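Okay, thanks for coming, everyone.

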Amino acid sequence: MHKKMISIWFFIGALLTVYGVLIFGAGIYDLIVPGKHNVVLRELHAGVWWGALLIVVGLVYTIKFRPKKVDEPEKKDELK
Amino acid sequence: MQNSGALVSLNGVDIAIVAIYFLVVLGIGFYLKRFTKTGNDFFMAGREMTAWIAGLSFVAANLGALELMGWAASAYQYGILATHWYWIGAIPAMLFLAIIMMPFYYISKTHSVPGYLQLRFGDASRTLSALCFGFMTVLMSGINMYSMALVMKVVLGWDINFSIWVSSITVALYVFAGGLLSAIFNEVLQFMLIWLGALLVPIIGMIEAGGWGKMVAKIHENYQGDFTHLWRSIGSFSDNPMGIHWTGIVFGLGAIISMGYWTTDFLVVQRVLTAKDLRSAKMAPIIGAGFKMMVPLIVILPGLLGLAVMPGLVGESQAVVTAGAHSYNEVLPLMMARYLGPGLLGLGITALIAGFMSGMAGNVSAFATVWTYDIYKPLRKKQMSDAHFVKVGRWTTILGVLVSIGTAYLVMQFASIMDYVQALFSFFIAPLFGTVLLGMLWKRATSAGGFWGLLAGTASSIGMYAWVKIDPAALRIIALSPNAKAMAENMYRALWSCLICFAVTIIVSLFTKPKPESELNGLVRSCTVLPSEKHLKLVQRPIFWAGVVCAVFIALNVIFW
């Protein structure tokens with residue numbers, strides 16, 4: 001891939017992190033202030049642990065594939 | 001935009017999740033615009049994709065277009081038999097593409113499947129293939145667009161016009177901006193979202209059902225017949241809910257339809273052609289096959305769980321006339337509404353939208369390539385610049401989306417078109433497989449043989465379809481049984497049309513002059529020296545991983561026999 005292109009995995013990680021925060025937050029809110037949603041097995045609080053899982057996976061991808069500064073050898077390659 | 005008749009209702013967090021998804025896919029498209037300057041960038045994503053990205057995009061392009069909802073519904077209707085379309089109806093073909101066919105697509109440096117036909121059989125075969133592909137792709141895209149809008153209306157109560165225009169404009173913008181590169185990157189993103197949005201349904205469903213054994217017991221309590229075995233019930237046409245025999249599954253689906261789709265449909269093959277080298281191009285379909293084998297977890301299992309915990313869903317026609325009844329076509333959103341709370345429901349709906357959009361982007365980007373390189377370029381006598389073709393590709397993207405929107409509205413007026421066009425699509429794929437396979441493996445196949453074989457196969461398939469429509473008794477001859485359902489008829493029609501293509505290609509080739517072997521280097525197996533992989537470690541060789549996937553495939557079929 002192009003050397004200066006941000007990896008798709010970074011975008012995926014960032015999106016999953018944002019989604020994780022939203023879902024985790026909604027799950028916690030539903031835990032504290034039970035709403036009218038009447039889903040089966042609500043007592044599992046799937047939103048809380050699924051949101052937490054998305055945050056962890058998202059952060060791992062975001063950090064591992066974060067954009068880095070182009071180092072010297074790569075700059076030389078591009079000049080070629 | 002929303003009405004009270006919807007199956008599910010979204011709250012603020014759910015809507016935010018859907019809205020963020022649209023912003024991100026558009027953002028990626030416009031970010032990638034700066035990297036798509038040349039034709040190679042726009043149409044082939046620079047041929048720089050890793051095996052993982054090409055492989056995931058290869059599967060994601062197929063996951064669109066009602067795949068998730070349609071096969072979950074089929075699982076509710078036919079039971080685990082629907083899994084055949086993911087296992088024997090996909091895995092052998094994907095591995096065959098990787099190991100046998102990919103080297104020739106890749107070494108020939110073709111930009112498309114019609115492009116390969118031009119190199120091997122000449123302009124006539126390329127033109128026939130390109131016109132059929134372009135026509136069918138854009139029509140299918142419109143039909144899928146309409147189907148998606150209909151799903152959004154039923155599930156969320158969204159206005160059909162709103163869904164059609166918002167989704168198609170989004171796809172048009174990001175493919176216009178970043179071409180195939182943008183389509184592929186978004187497909188990988190969409191693939192992740194589909195999994196993460198849909199996976200909770202089978203997880204919570206299995207907890208509710210009490211595990212696989214208890215789920216099977218509940219299905220047997222609710223329904224008569226065998227819904228949980230892959231092979232045991234297909235020894236006879238009348239012993240299974242699909243009305244199919246194992247020969248139709250093995251020879252029609254496994255040997256012809258899936259081989260045709262996965263190895264010659266440019267919509268999926270285009271993704272693999274973007275790989276950065278031959279090894280990555282061979283690994284991409286193998287990686288895709290590994291993930292394809294797991295898709296039944298999020299598609300078939302929810303349908304089976306529906307049979308256990310949500311019995312009583314009926315066919316579409318019955319649901320329309322029965323107050324309060326739901327169709328099994330809605331089983332997946334019903335299961336989502338059953339298990340997914342605030343936030344999670346938004347992610348689940350995003351998974352559905354992502355599935356639809358990845359399929360649509362696949363159609364549009366493949367159409368732009370075939371139109372530009374295989375239809376428009378040969379018509380131009382004058383040599384044009386690379387930038388000119390990029391411009392044509394970008395505007396073809398918009399044109400393709402506009403024609404798709406037109407088709408969507410046409411289907412809205414004449415719903416029966418959907419049946420005909422889906423059948424038309426299948427007419428072309430099976431004979432094309434025969435032509436490409438003989439082209440790659442038999443050096444004696446001639447240009448005339450390739451063209452007439454393809455034409456005869458396509459024409460005979462249309463003829464068989466028309467024959468059964470005019471005289472339903474012909475089903476006994478075409479599908480070998482008067483009990484055969486539409487799916488079984490498709491299997492056998494594909495088988496016969498491919499055999500006719502083979503026969504005509506061979507006979508015409510034997511009476512016409514073949515190309516000299518020197519012109520077949522890189523196009524035909526016996527005339528090409530393939531790069532050796534002996535210097536690679538065992539775990540780096542595609543054939544090793546193909547063997548691993550094959551072993552898992554066999555094990556799964558034995559476990560669920």
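Let me start with a question: is B:Arg47 buried, exposed or partly exposed? B:Arg47 is partly exposed, because 19 other C-beta atoms lie within 10 Å. The cut-offs are 20 or more other C-beta atoms within 10 Å for buried, 12 or fewer for exposed, and partly exposed in between, with C-beta atoms placed from the backbone.

Before we go on, some housekeeping. This is a predicted model, so local features need pLDDT of at least 70 and side-chain atom pairs count only at pLDDT 80 or more, while totals for chains, interfaces and linings use all residues. Residues are numbered from 1 along each chain as its sequence is written, and chains are lettered from A and ligands numbered from 1 in the order in which they are written.

Back to B:Arg47. You'll find B:Arg47 in the loop between α2 (39-44) and α3 (51-63) of chain B. Helices here are DSSP runs of H or I with at least four residues, strands are runs of E with at least two, and both are numbered from the N terminus. As background, most residues other than glycine have a negative phi.

B:Lys109 is another case, with a positive phi near 60° in a residue other than glycine. B:Lys109 sits in the loop between α5 and α6 (113-121) of chain B. B:Lys109 counts as partly exposed because it has 13 other C-beta atoms within 10 Å.

Okay, zooming out to chain B. We've got 23 helices and zero strands there. With a radius of gyration of 23 Å against the 24 Å that the globule rule gives for 561 residues, chain B is as compact as a globular protein of that length. That radius is taken over C-alpha atoms, and the rule is 2.2 Å times the number of residues to the power 0.38. If you want a box, the C-alpha atoms of chain B fill roughly 65 × 55 × 55 Å along the principal axes. Of the 561 residues in chain B, 57% are buried.

Now, what covers the buried residues of α16(B)? The list includes α4 (67-78), α7 (123-156), α9 (200-209), α14 (296-309) and α17 (344-379) of chain B. Helix α16 itself spans residues 331-339 of chain B, and eight of its nine residues are buried. Among those buried are B:Pro333, B:Arg338 and B:Tyr339.

Next, a helix pair. Helix α5 (residues 91-107) and helix α23 (residues 542-559) of chain B pack at about 170°, with axes 11 Å apart. Axes are lines fitted to C-alpha atoms, for helices over the stretch in contact, and angles run from 0 to 180 degrees between N-to-C directions. So α5(B) and α23(B) are roughly antiparallel, the label for angles over 145 degrees; under 35 is roughly parallel, 65 to 115 roughly perpendicular, and the rest oblique. From α5(B), B:Ile91, B:Leu95, B:Ala98 and B:Ile99 meet α23(B) residues including B:Val549 and B:Phe553. That contact divides into 10 nonpolar, no polar and no charged residues. Nonpolar means Ala, Val, Leu, Ile, Met, Phe, Trp, Tyr, Cys and Pro, charged means Asp, Glu, Lys and Arg, and the others, Gly among them, are polar.

On to chain A. Chain A has three helices and zero strands, and 28% of its 80 residues are buried. A contact means two C-beta atoms, placed from the backbone, within 7 Å, and by that test 26 residues of chain A are in contact with 26 residues of chain B. On the chain A side, α1(A) gives the largest share, 11 residues. By class, that side has 18 nonpolar, six polar and two charged residues.

Which residues touch the most other members of the largest nonpolar core? They're B:Ala72, B:Val188, B:Leu189 and B:Leu304, out of 214 residues. Such a core is a set of buried Ala, Val, Leu, Ile, Met, Phe, Trp, Tyr and Cys residues joined through C-beta atoms within 7 Å. Helix α8 (residues 160-198) of chain B supplies the largest share of this core, 20 residues. Leaving aside neighbours within four places in sequence, B:Leu189 is in contact with A:Ile8, A:Phe11, A:Ile12, A:Leu15 and B:Val25.
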